[in-house]
Structure formats: C-alpha cells, structure tokens
Amino acid sequence: MSQHLKKIMAHFEINLTTIVEFAAKSSNSDEFKTKISDYLKSEDLTNAPTQAKENIYRLVEYDDREVFELSTGKIIKSPTLSRLWTILHNNEACIDDTAFLMDIYQQLLRLYKDPIKIPTEEKVKQWASRWKSGLDKEVIAIREANKHRIISHLIHRIEQRHSPKSRFLFAEGMTMEDKHQRVEEWWKDSKFHLALAARSPKALNDMLGGSLSAEKIDIYRRAQQKGIPIFVTPYYLSLLDITGNGYDDQTIRQQIMYTNNLVETFGNIKAWEKEDSVEDGKPNAAGWLLPEGNNIHRRYPDVAILIPDSMGRACGGLCSYCQRMYDFQSGRLNFDFDKLKPNEKWEHKLRRLMKYFEEDTQLRDILITGSDALMSSNTTLRNILQAVIVMARNKKHANMKRHEGKKYAEIQRVRLGTRLPVYLPMRIDDELIDILTNFRIHAMSVGVKQFFIQTHFQSPLEITPEVSKAIKQIHATGWTVTNQLVFNVGASRRGHTTKLRKVLNSLGVKPYYTFSVKGFQENHDVFTPNCRSMQESNEEKVYISKIASDRNVLNLPGIGKSMTFKMVGIMPDGCRLLEFKHDQKRKHSPIINNNDKVYIKENKSLYEYMIQLQDIGEDPKIYGSIWEYTEGETESRNPFFLYPELDYNMTKKYNNIIIEK
C-alpha cells in the first residue's frame, strides 16, 4: 500500500468514524446508503453546510444508476457509495483506489467543515505577481538572445537551401555579418517564419539549442511517423526559455509539446463537438442541415462558422490540444501551403456558401476561421470579406420586401478566428490593415455593427512588444480584439489567468471565454477538471470585476457552451461524473429539448491533477478548496458581447433544421 493510500485510509478512521462504522455494520451497499441518507437527516448534521449534504444526497441517488455519457455515446454507471462500502467493509483498498478515495473522503469531510473562505484580494494579487509578462524588460532581454541564437541556426539552414523559387536566399559573396543583418530584416516578415518553421524533431531541437530531452525527441519522432504535423515558427520558439532559469514557460510549452497520449490516440481522434461531423443530406448533432463539404459548422441558431478552402486550413503552429485535431488526422487541415491555395472552383463554392447565410432565417453572425482565418493570403481574405458584404447586402435588401414579424435576421457581427497575433504577429501588415479598415467601412453601410478579431492568448508571456504593436494596429481599424483562453494545466495555475486578463486589458483586448479542455484521451495530459475552472472563477476572477473579464465554460457536444453542472458521481478511477444543463441565457438549437440533462465523465481525476500541479512546482495547499467545487453556474455574458437590438420584428421560424426525436 502506498504512503498516500495509507494516509487517506488513516484519515477515514480518524475523521470519518461514523461513516466507517456504517460500512462495517452494513451487510450490503444498499444498507450502507440507507444509513448515510438517514444520517444526513439526523440532528447530528443539523448545522452541516446545506450544499455539502445535497452533494452526498446526489451521490446516493445516482449510485449505480445508468446514464448516457454524451462525449463517448456510451451507457455508464458510477458506483460511488457502492465502491466505498466495498473498500471500507472489507478493508481491501488497493493503489488504484487512491484517486477515488481521496475525492469521496473530501466530499464526506465537507459535512463537518465550514463553507469555503474566499481568498483576499491581496492573496490573489500575490499569486498573479508570480507570473511574468512578455513585456517585462528581463524577459525581452532573454528573448533577444534567443532570437540571435535562432538566427545563427537559420543562417546555416538557408546556406544549405537549394530552392531557386525561394526569396529567402543569400547572394553570393555576402559576409556572415551581412547574412545576419539580412535575416534580421526577414524576421519582420511573416512569410519568412512560415518558410523556415520547424517541421521535424531535429529542426525543432536545433532551434531550441538542443535543449529537448531524449524522451521528448522520441515523442516527436513517433508523432511524425503517425502523421502528426510538426510546425512551429522561429518567432514562437524564441519565446521559450531554454535555460529554465529565466521564467516559467510551462503554459507556452504545453501549446506545442506533444504527449504520449496524443501520439497514441492519433488516428482514432473524433470530434468532441459532434455537430462538427457532417454528412451530406443529414442534420448534424445539433439538428442543422449544412451545405456540401466541411466548410460550414453550426451549433446555434444565430451564428455559423465558415472554413474557407484556402491556406486558412493551416495555421501558424499546431496547438497540441487543437479542437480540430481530427481534421489534421484526416489531412483536410495541414501545412502543405501549395496544395492549400484556393483553386478557381473556390470562388463559385464561396458564393454558394454565402447563399446559406443569406437565406437562413436566424443567422446574424459569421465566424470565419479554419485552422486560422489570417493564414489566407491578403487577396483571398479580401475576396472572402467582399463576398460577406454582398451576402449581407442581399439579406438586408430581401428583408425590405418582408412584413414585420416575417423578416430574417440580418448580418450584425463578423468575426475572424485567428491565433496569428500570438504565433506570428508580423502577419498584421499594412495591406491587412487596409483590408480590415475598408471592409469595416463598407460592411457598416449594409448593417454590420460588430467586428471582432477573435484570438487565443494562453499566457502573459505570449504578449510581446511585437504583439502589442499588432494589437494597436488592429484597434486602429475599428475592429475589436477578443481572447479565448483554453484552461490547460499550465494556464490553470493560481493567479495565471488573472495576470493574463490584466495584461490583455492593458492593451484593450477583451477576454471572451475561458474554455475547459476537451475531455478526450489525447488531451489527458493538459486536461484541467472543471472544479478548478469554478474555483478560479469564484476565488480569483472575482477581484478583477473592474476590468473586462470572460466566461468560464465547457463546450457540451452538440449542445453548446455551459458551466451549469452538478457532480453526480465519482468513478472508480477517481474521475468525476458531471450532470450539465445548457446555458439558459442564450438561444439554442431546439435539439436541447431532447437533452434536458447531459452527462460528461471527466478524463482526469482531481487527485491526479493535484499531483500534476505539484510536479510542476505548485504548492497543493493553495488549491485546498478545489475539492468543494461540485456545482457550477454559467456566468452571464458581458453586455459588450450581446448582439445589437433589432429595429424590426424578426421571424420565429427556423429553416435549415431537422430535429429527430
């Protein structure tokens, strides 16, 4: 028996003597559950916290009940109290029970504890002060040294190139000083970074000064053999501290460092957002009928995603937990830029796709993304945005012939989903700024009122002087930059998101969402249990109410974003079973009428997560209240992100939808 397990069992004997006695005197698990239920109603627990008692009632109620787990599509059971009775009655705990026993112990202990005490604002500020920003002078100095080290490596690579088509070649007779100066100039060009990006384990390790471990290099080699693309720009690699002494770059590394779980799962990865799986002529998981191909994704009535057949199917780097990893698996998204260039058929297809938006009764918001909207060339992007203007104009003009109460939703919001301001801020060039400026002027004339660049900063370390300049340029066009954070393990550390939000706000970037990592096995290493999201929201984010903040949510497959949940079980492996309800503060597909309750089994136990935090240098004690977050409520949307009020009466009719009961 491990030391951890011995300690937990000792805690049961010392602090939960009544529960241990119930188990010993019960001949079966049903009798044990009855004793616990009666105990919850007894005078002994009159002063016990109400939420703690309700939590145990739920564990009793759902014990051994079959539920449909939505992410896997399987029927599962959660034998929480039954398993506890077996362990305590027979005194036969094994090491595999450690995570389970730790969580159920904490839930029972809540019956005898005072409610959660929220940390002081001073404590939250102290946690936030641990994290450095990419705008700090000492960080800038380290990265300048990184840049020159990488440039020296790139000079050698360019000297070995034999592609006459490349414009990133040295002229004969150039001195080493000339070459260094030339690469310094090219460094400001986004196309240079795309052309010289690391695409192999060797190139990656070389640009990181040979600092990767043999184990990590082996993971990348196996990843390449499995067909997982490797693609990281020199700029983004310059953000990492290879000495390990300058600053904690764990959150950045988790963006690009692949894991065994990812490599082993690749080839069998499925879409977490089941509505992203589309078959011709059939409704998706949210009930929507969509045009041919995989160009349009849709979950909600008022917004749909457009994925162009362009270089927008690539990005400036492959995030290790990318929600569209299944599309990289199929090869539909990739980094073969020549093959991704749009052909002449794309222009005709684009017009057909715009017809879908134009003729839909409810769509008022178009999110152009991919992989990454800004990976498209300026010419392609300009053409796409022009097609959006034509579509919005046609939709507006058609409405003039419709009666009040019969009018369709007109396009009010246009968004570009991109991580290039983070991965490659040099992409924000003068021509792009002109495109964004001109589009906004013309789109406003056809009724569009909101213009968002929707990006994805994970760490304050990603906010560099280059990023700051790019954001200022975007804001000068009248577009708003918003941020969606993925709450991976590195980003979930105490004070980290508080610091990120503060730095983003100082640049005028509005935090939009904090997303829980999708709970499939490929993301196991970076998955953060949802209770930590609720703890962060209630204990840390609460102190930044004076600045723009975001909403902590999980994307429920086929349903939408929500953080309204209750824990209803603890699985034998210690993972929690959560019962979710949809966010009732926004419009949904009518499919939700078929899914009043949604069950999701998390893919990592809270115990394992706490061990993981400890392994990367965190003190588990400062997360102590995390065990008590067994319920959540979806936060209200920031008024800034609400759609503008309509000046006409819109139809309530839905088209492009089939709901199967």
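The model is predicted, so local features need pLDDT of at least 70 and side-chain atom pairs count only at pLDDT 80 or more, whereas totals for chains, interfaces and linings use all residues. Residues are numbered from 1 along each chain as its sequence is written, and side-chain values use heavy atoms, with hydrogens and water left out. Helices (H or I, at least four residues) and strands (E, at least two) are DSSP runs, numbered from the N terminus.

Two packed helices are described by the angle between their axes and the distance between the axes. Axes are lines fitted to C-alpha atoms, for helices over the stretch in contact, and angles run from 0 to 180 degrees between N-to-C directions. Angles under 35 degrees count as roughly parallel, over 145 as roughly antiparallel, 65 to 115 as roughly perpendicular and the rest as oblique.

Helix 1 spans residues 3–15, and helix 6 spans residues 98–109. Their axes come within 10 Å and cross at roughly 25 degrees. Helix 1 and helix 6 are therefore roughly parallel. Their crossing is left-handed; this term applies if the near helix is turned anticlockwise from the far one by less than a right angle, and right-handed applies if clockwise. From helix 1, the contact (heavy atoms within 4.5 Å) involves His-4, Leu-5, Ile-8, Met-9, His-11, Phe-12 and Asn-15. These meet Thr-98, Leu-101, Met-102, Ile-104, Tyr-105, Leu-108 and Leu-109 of helix 6. The residues of this contact comprise ten nonpolar, four polar and no charged. Here Ala, Val, Leu, Ile, Met, Phe, Trp, Tyr, Cys and Pro count as nonpolar, Asp, Glu, Lys and Arg as charged, and the others, Gly among them, as polar.

Thr-98 belongs to helix 6. Its relative accessibility is 4%, so Thr-98 counts as buried. Buried means under 20% relative accessible area, exposed over 50%, and partly exposed in between (1.4 Å probe, protein chains only). Leaving aside neighbours within four places in sequence, Thr-98 touches Ser-2, His-4, Leu-5, Ile-8 and Tyr-607. Thr-98 and Val-414 are 316 residues apart along the chain, and their C-alpha atoms are separated by 49 Å.

Helix 3 (residues 29–41) and helix 4 have axes that come within 10 Å and cross at roughly 160 degrees. The two helices are therefore roughly antiparallel. Helix 3 passes helix 4 in a left-handed crossing. Lys-33, Ile-36, Ser-37, Leu-40 and Lys-41 of helix 3 make the contact with Lys-53, Ile-56, Tyr-57 and Val-60 of helix 4. By class, this contact has five nonpolar, one polar and three charged residues.

The axes of helix 19 (residues 378–399) and helix 21 (residues 430–444) come within 10 Å and cross at roughly 5 degrees. This makes helix 19 roughly parallel to helix 21. Helix 19 contributes Asn-378, Leu-381, Arg-382, Leu-385, Val-388 and Ile-389. Helix 21 contributes Glu-431, Leu-432, Ile-435, Phe-439, His-442 and Ala-443. Eight nonpolar, two polar and two charged residues form the contact.

Burial was also examined in helix 9 (residues 176–186), where Lys-179, Val-183 and Trp-186 are buried. Seen down the axis of helix 9, the buried residues fall within an arc of 55 degrees, so they line one face of the helix. The arc is that of the directions from the helix axis to the C-beta atoms. An α-helix has 3.6 residues a turn, so residues three or four places apart point the same way. The buried residues of helix 9 pack against helix 8 (137–159) and helix 10 (190–195).

Asp-64 sits in the loop between helix 4 (50–61) and strand 1 (66–69). Its phi is near 65 degrees, a positive value in a residue other than glycine. Asp-64 is partly exposed, with a relative accessible area of 34%. Lys-74 is placed in strand 2 (residues 74–77) and is exposed, at 54% relative accessible area. Beyond its neighbours within four places in sequence, Lys-74 contacts Val-67, Phe-68 and Glu-69.

Asn-656 lies in the segment after strand 15 (631–632). Phi of Asn-656 is near 55 degrees, again positive in a residue other than glycine. Asn-656 counts as partly exposed, at 24% relative accessibility. Met-650 also lies after strand 15, but counts as buried at 16% relative accessibility. Met-650 and Arg-402 are 248 residues apart in sequence and 9.8 Å apart in space, C-alpha to C-alpha. Leaving aside neighbours within four places in sequence, Met-650 contacts Thr-361, Gln-362, Gly-405, Lys-407, Tyr-408, Ala-409 and Lys-587.
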